[in-house]
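Me: Pick one part of this model and take me through it closely, please. I'd like the background first, then the close-up.

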Amino acid sequence: MKNKKLLKRIAAPVLGLSLIAPTTGLAEHHEATATTPASDLRSTLDQLLSEHYVLAVNAMVKDYNDAPDEEQAYAALEQNALDMTPAIESIYGAEGAQQFEDIFVNHNDYSPDFVEAAKSDDADLRAAAEAEVEEFTQEFGGFLATATEGNLPEEAAVEVLVAHEQDVINAFDSYVEGDYEAYFTHFMEGYDRMFDISKALSVAIVTQMPDNFEGSTADAPAADLRSTLNNLAAEHFALAVLSMQKGVSGAEDYDFATWAEDMHTDEFTAAIGSIYGEEGAAQFKQLWTGEHINAQADLVSATVAGDEEGIAAAKESLSMFTEEFGMFLATATEGNLPEDAAISSLKTHEDQVVKAFESYVAEDYQTSTDTFREGYAFMFGVGEALGDAIVKQMPDQFAADVPADMPNTGLGGAAEQQTPIAVWVAIATALFAAAGFAVKKNIANQE
């Protein structure tokens with residue numbers, strides 16, 4: 001993976017939100033901000049599509065292992081698809097939303113077929129499932145092209161959908177083969193691809209109906225930053241919870257799950273070093289790893305051993321992490337990130353990780369699954385608040401919501417990048433707990 005993730009993005013979910021409702025007077029003020037109608041659209045699609053991918057791969061692996069929470073995993077995958085309907089309806093109306101739902105929800109039906117084919121070594125069932133994938137990519141690609149009036153060309157839509165479906169299949173096949181490094185590599189690459197899809201789709205929609213987005217653009221530098229922040233934050237949450245479940249279950253791929261977390265930590269550390277230097281990066285990694293990642297692993301080990309003192313010690317480490325890392329962020333950002341907001345947001349995040357884990361251990365799989373979705377969604381409030389904070393901190397770098405001014409992320413766009421994208425991600429990482437109040441507001445709105 002190296003530092004490829006530093007060039008990726010994610011989003012903020014408010015299910016049922018009217019994606020084309022005006023939020024700011026951009027046409028009049030042109031103020032640099034990460035909160036625009038177009039950025040809101042992209043963020044919502046980011047969250048829904050990335051969660052679809054995470055839930056799809058997770059459900060298939062649980063099904064293959066006959067996991068006790070297999071039923072809840074598939075139910076979450078279906079609910080995610082249904083959650084997309086209000087978003088689509090707000091753009092294309094009830095008829096378009098129904099057509100979308102009929103195609104998208106039903107495409108989840110072939111996931112169990114791939115699993116059954118792997119379990120029974122049934123080549124015919126596998127071929128039938130692959131044929132369904134082909135049918136879906138063609139049908140859904142055509143739907144997207146028609147809905148966007150060609151602003152997302154059908155050939156391009158089909159191509160990226162084929163790539164997405166292949167990501168899911170590659171991850172699952174690698175797992176079945178016991179090649180767990182390849183499994184997590186495919187998982188992380190496929191996860192990133194969902195943000196390419198949401199960016200392309202949101203750009204097409206905004207181009208199709210620009211008046212509904214008040215002159216804002218989905219591929220502006222601030223929108224890219226907001227998406228990047230959420231990508232990194234949400235993947236951390238997903239890897240943490242899935243890793244802890246694998247650890248307490250004694251899964252064969254547990255070591256590789258922790259390897260994936262290590263790759264993620266390295267990406268964060270490199271980002272911090274790019275702006276705060278080696279000393280700042282070393283301090284970040286010590287806090288992030290010693291009292292955060294390692295503490296979560298210690299909680300798993302103590303739980304398996306039935307060590308109540310160890311469990312208490314691990315939780316105390318997590319509590320210390322929220323305090324010390326909140327202070328670190330406030331100091332590193334020279335007060336642009338208030339310490340209280342940082343600590344509050346970090347505490348909420350840790351509480352959700354622990355609740356998802358402890359519910360799983362208690363065999364309360366519905367609560368565990370629900371908490372996973374809530375915690376995953378919580379990370380998507382981060383991008384809006386942190387992106388906006390960074391944009392306001394460095395307004396010259398985000399002077400206007402115009403694609404020509406955006407940094408070159410390697411994923412499209414025009415102008416030469418004045419500051420490496422790693423710097424933006426570094427600041428984003430350093431600020432990711434700043435979203436305290438805004439994140440809570442987003443979650444409250446969803447409830």
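Reply: Accessible areas here come from the Shrake-Rupley method with a 1.4 Å probe, and for residues only the protein chains shown count as cover. On that basis the protein has about 17500 Å² of accessible surface, 49% of it belonging to carbon and sulfur atoms. Keep in mind that this is a predicted model, where local features need pLDDT of at least 70 and side-chain atom pairs count only at pLDDT 80 or more, while totals for chains, interfaces and linings use all residues. Residues are numbered from 1 along each chain as its sequence is written, and side-chain values use heavy atoms, with hydrogens and water left out.

Of the protein's 447 residues, 57% count as buried (under 20% relative accessible area). There are 15 helices and zero strands (DSSP runs of at least four H or I residues, or at least two E).

Now for the close-up: α3 and α5. Helix α3 covers residues 70–106 and helix α5 residues 123–147; their axes (lines fitted to C-alpha atoms over the stretch in contact) come within 10 Å and cross at roughly 165°, on a scale from 0 to 180 degrees between N-to-C directions. So α3 is roughly antiparallel to α5 (over 145 degrees).

Who touches whom? On the α3 side you've got Y92, G96, Q99, F100, I103 and F104, meeting F136, E139, F140, F143 and A147 of α5 (contact: heavy atoms within 4.5 Å). Sorted by type, the residues of this α3–α5 contact come out as eight nonpolar (Ala, Val, Leu, Ile, Met, Phe, Trp, Tyr, Cys, Pro), one charged (Asp, Glu, Lys, Arg) and two polar (the others, Gly among them).

Technical notes:
Angles under 35 degrees count as roughly parallel, over 145 as roughly antiparallel, 65 to 115 as roughly perpendicular and the rest as oblique. Buried means under 20% relative accessible area, exposed over 50%, partly exposed in between (1.4 Å probe, protein chains only).
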